[in-house]
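Welcome! Here is a short briefing to read alongside the sequence and the 3D view. Please keep both open as you go.

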Amino acid sequence: MSEFAEQSSVLRMESVRKTFGGTVVLRDVDLEVAPHTVTALIGASGSGKSTLLRCANLLEEIDDGAIWLDGEEITDPRADQDAVRRRIGVVFQAYNLFPHMTVLENITLAPRRVHGVARAEAEERARELLERLGLGAKAGEYPDRLSGGQQQRVAIVRALAVRPRLLLLDEITAALDPELVGEVLTVVRDLKGEGMTMVLATHEMGFAREVADQVCFLDGGVVLERGTAEQVFGEPRQERTRRFLRRVMDAGRL
Amino acid sequence: MTVVKEQSGQDNPGGTRDGHGAYVPSPRRIEREAYKRARARRATAIAALSTLGTGALLYLIVVNAPGWPRTRETFFNWEYAREAFPQVLEGLWLNVRLLLVCGAAVLVLGMLIAIARTLPGPVFFPVRALAAAYTDFFRGLPLIITLMIVVLGVPALRLQGVTVDPVLLGGTALTLTYSAYVAEVFRAGIESVHPSQRAAARSLGLTNRQALRHVVLPQAVRRQVPPLLNDLVSLQKDTGLVSIGGAVDAVRAADIIVGRSLNYTPYIVAGLVFVALTIPMTRFTDWVTARMDRRRAQGGTP
């Protein structure tokens with residue numbers, strides 16, 4: 001693979017394989033994420049979407065294959081994992097906020113400790129982001145005192161506070177009230193408008209269809225089908241994709 | 001672009017394992033693992049070298065100290081060590097028995113006190129207050145004073161049917177003090193379990209007792225193991241204090257020989273015997289907790 005081709009994508013996966021014990025969770029997964037695009041990973045629970053995101057952030061060590069971030073192989077054992085993670089923001093399904101810190105401390109932890117941003121500057125940016133997500137009044141609260149939807153928005157702000165090169169979103173709306181889903185999705189839409197590169201695992205098919213430049217359907221740890229949202233949702237080629245989308249549609253989520 | 005990859009170039013097309021091509025590690029993986037092995041070997045070599053170097057340095061410093069020949073004679077005399085070892089071992093049997101009996105009693109009593117302190121509801125206020133008073137008092141009272149009061153004070157009462165055996169009384173004193181410590185360890189563990197866990201258990205209709213038994217305590221125990229072990233090792237060493245009532249344990253046995261010979265080697269022997277007793281216990285609990293973690297970690301049940 002030439003250096004030139006690697007440079008063109010923010011994230012690139014090649015033949016990634018991941019097993020837990022004897023179970024193969026990801027098999028020969030290839031993925032390319034171009035700058036300023038949104039990639040949606042869809043598929044049933046347990047199809048490997050979350051694992052794929054965790055591998056991209058080196059939270060899971062892959063068994064085989066390779067992953068590049070901005071043309072640099074991050075799965076090379078010689079790579080500095082912390083340096084890689086500094087450039088990637090992650091929002092988890094279960095928020096994963098630090099319960100012993102206030103909202104503001106949660107958000108400013110990484111900018112201050114990892115990126116060396118001055119306290120005043122870090123807090124200013126945190127407040128600005130909180131304001132934008134409608135959480136301006138919650139800066140001093142502790143996470144356990146917020147609703148699930150509020151916690152998830154704080155988690156998004158925490159990921160954004162370090163101005164990541166790539167944002168990984170793992171089912172971020174799975175636990176939100178319908179009206180909050182809209183709010184959070186507006187945030188993601190805005191981020192796309194600002195050119196943020198994102199990979200998101202989601203069950204919100206309508207949103208995936210609207211916002212994603214590329215849609216990947218995972219099934220049994222394999223990327224069974226991929227293409228533009230129009231292709232995958234409009235005229236899926238694989239029987240399994242059609243079946244999955246039909247089930248989702250029956251459940252009223254498309 | 002639609003890509004369906006059932007078999008990549010790296011897979012062996014002849015294989016049929018679970019419906020896909022049998023997996024063959026890529027050269028990339030083989031290279032990566034070779035690098036990791038090489039790095040592990042290098043780390044081991046560096047660790048061995050630095051350990052050897054540190055050991056040699058310490059040895060040279062001690063051996064070249066001006067008082068070394070004399071110190072060696074007084075603290076590391078082989079003859080005295082040989083003489084002391086069987087007697088120290090015999091004394092150690094008392095420590096071991098005390099440890100086993102007191103340890104079990106402390107765990108039970110400590111757990112009861114901890115549960116008493118975390119009982120909710122106004123009815124239990126006196127129980128909570130009593131448990132709190134108990135821990136406050138016996139944690140604050142120096143162990144040696146508890147021992148003297150129990151071992152020397154109780155026989156002085158000349159009560160009918162109450163033992164005057166210093167070992168039994170000493171064990172009681174140890175249990176009183178260590179139950180207070182261990183109760184606090186248990187309580188901290190119980191309270192460290194996130195309230196949402198108790199809420200989830202109660203919402204399923206479990207009673208407070210059931211929630212504690214099936215949800216809170218199992219999670220708390222994992223975090224309590226290292227501090228519990230700390231207290232157990234500490235208890236093991238403090239069992240020697242029953243010798244103030246006249247019982248002969250490992251330290252006292254060494255003490256007797258030292259008093260006779262004015263050579264300190266028996267102390268070293270007794271110390272090493274205690275360390276030798278602690279290490280397997282630590283390794284065992286490490287193994288148990290590691291096993292608990294492995295079963296819970298991602299990958300155990302994908």
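In chain B, in which helix is confidence lowest, and in which is it highest? Confidence is lowest in helix H10 (residues 265–296) of chain B, with a mean of 84, and highest in helix H1 (residues 27–63) of chain B, at 94. Here pLDDT is the predictor's confidence in each residue, from 0 to 100. This is a predicted model, in which local features need pLDDT of at least 70 and side-chain atom pairs count only at pLDDT 80 or more, while totals for chains, interfaces and linings use all residues. Residues are numbered from 1 along each chain as its sequence is written, and chains are lettered from A and ligands numbered from 1 in the order in which they are written.

**Confidence**

- The model as a whole scores ipTM 0.75 and pTM 0.72.
- Chain A has a mean pLDDT of 89, with 96% of its residues at 70 or more.
- In chain B the average pLDDT is 85, and 91% of the residues score at least 70.
- Residues 1–19 of chain B have a pLDDT below 50; this stretch has 32 contacts in the model beyond near neighbours in sequence. Two residues are in contact if their C-beta atoms, placed from the backbone, lie within 7 Å.
- Over residues 1–6 of chain A the pLDDT stays under 50, and the model has five contacts for them beyond four places in sequence.
- Where pLDDT is low, the predicted coordinates should not be read in detail.

**Domains**

- Chain A is divided into domain 1 (3–87 + 165–250) and domain 2 (99–164), with bounds that come from an automatic or database domain assignment.
- The C-alpha centres of domain 1 and domain 2 of chain A are 25 Å apart.
- Their contact takes 13 residues from domain 1 of chain A and 10 residues from domain 2 of chain A.
- On the domain 1 side of this contact in chain A, the elements giving two or more residues are strand S7 (166–170) and helix H7 (178–193) of chain A. H7(A) gives the largest share, four residues.
- That side of domain 1 of chain A divides into eight nonpolar, no polar and five charged residues. Ala, Val, Leu, Ile, Met, Phe, Trp, Tyr, Cys and Pro count as nonpolar, Asp, Glu, Lys and Arg as charged, and the others, Gly among them, as polar.
- For chain B, the assignment gives domain 1 (17–65) and domain 2 (80–193 + 221–292), and 41 Å separate their centres, taken over C-alpha atoms.

**Sheets of chain A**

- Four strands form an open antiparallel sheet in the order S2-S1-S4-S5 (chain A). Helices (H or I, at least four residues) and strands (E, at least two) are DSSP runs, numbered from the N terminus, and two strands pair if DSSP finds at least two bridges between them.
- The edge strands here are S2 (23–33) and S5 (72–73) of chain A, each pairing on one side only.
- Two bridges join the antiparallel strands S4 (residues 64–69) and S5 of chain A, and A:Leu69 has A:Glu72 as its bridge partner in S5(A).
- Six strands form another open sheet, with mixed pairing, in the order S6-S7-S8-S3-S9-S10 (chain A).
- At the edges of the six-stranded sheet are S6 (88–91) and S10 (222–227) of chain A.
- Five bridges join the antiparallel strands S9 (residues 214–219) and S10 of chain A, and A:Leu218 stands opposite A:Val223 in S10(A).

**A helix pair in chain B**

- Helix H3 (residues 78–118) and helix H9 (residues 250–261) of chain B pack at an angle of about 150 degrees, with their axes 6 Å apart. Axes are lines fitted to C-alpha atoms, for helices over the stretch in contact, and angles run from 0 to 180 degrees between N-to-C directions.
- H3(B) and H9(B) are therefore roughly antiparallel, a term for angles over 145 degrees.
- Residues making this contact include B:Tyr80 and B:Leu92 of H3(B) and B:Ile257 of H9(B).
- The contact residues of H3(B) and H9(B) divide into eight nonpolar, four polar and three charged.

Terms used:
Angles under 35 degrees count as roughly parallel, over 145 as roughly antiparallel, 65 to 115 as roughly perpendicular and the rest as oblique.
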